[in-house]
Amino acid sequence: MSDHPAQGGPKCPICGRPTMAATRPFCSRRCADADLVRWVNGAYRIPVADDEAEQAPGSDGTEAHGLIPRIP
Ligand SMILES: [Zn+2]
């Protein structure tokens, strides 16, 4: 219990250190950058996978189905 912080304020979500007013809600710019990279990577992966999985079967199936009876 000797590690008790003087101010029980918010902590950095990256490393758990007390946050600084200039870099809230992170303790430093390094952690803010790390969180941004994490967020960008996560946001980039979710929509790409969701869009491809939803567009591939619908667009492919509709086009193939409409082309087949048109070419006889
Ligand atoms: Zn931090």
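Let me start with Ile 14: setting aside residues within four places in sequence, Ile 14 contacts Phe 26, Cys 31, Ala 34 and Asp 35, where contact means that the C-beta atoms, placed from the backbone, lie within 7 Å. This is a predicted model, in which local features need pLDDT of at least 70 and side-chain atom pairs count only at pLDDT 80 or more, while totals for chains, interfaces and linings use all residues. Residues are numbered from 1 along each chain as its sequence is written.

Overall, the protein has one helix and zero strands; these are DSSP runs, H or I of at least four residues for helices and E of at least two for strands, numbered from the N terminus. Of the contacts between residues at least 6 apart in sequence, 0% join residues at least 24 apart.

Back to Ile 14, which sits in the segment before H1. Ile 14 counts as partly exposed because 17 other C-beta atoms lie within 10 Å; the cut-offs are 20 or more for buried, 12 or fewer for exposed, and partly exposed in between, with C-beta atoms placed from the backbone. Its C-alpha is 8.5 Å from that of Cys 27, 13 residues away in sequence.

Cys 27 is also in the segment before H1. Is Cys 27 buried or exposed? It is buried, because it has 20 C-beta neighbours inside 10 Å. Buried residues are 6% of the 72 in the protein. Beyond four places in sequence, Cys 27 touches several residues, among them Cys 12, Cys 15 and Arg 17. The C-alpha atoms of Cys 27 and Arg 17 are 6.1 Å apart.

Last, the peptide bond joining Arg 24 and Pro 25 is cis, with omega about 0°. Most peptide bonds are trans. Pro 25 lies in the segment before helix H1, which spans 29–67.

Note on methods. Contact = placed C-beta atoms within 7 Å.
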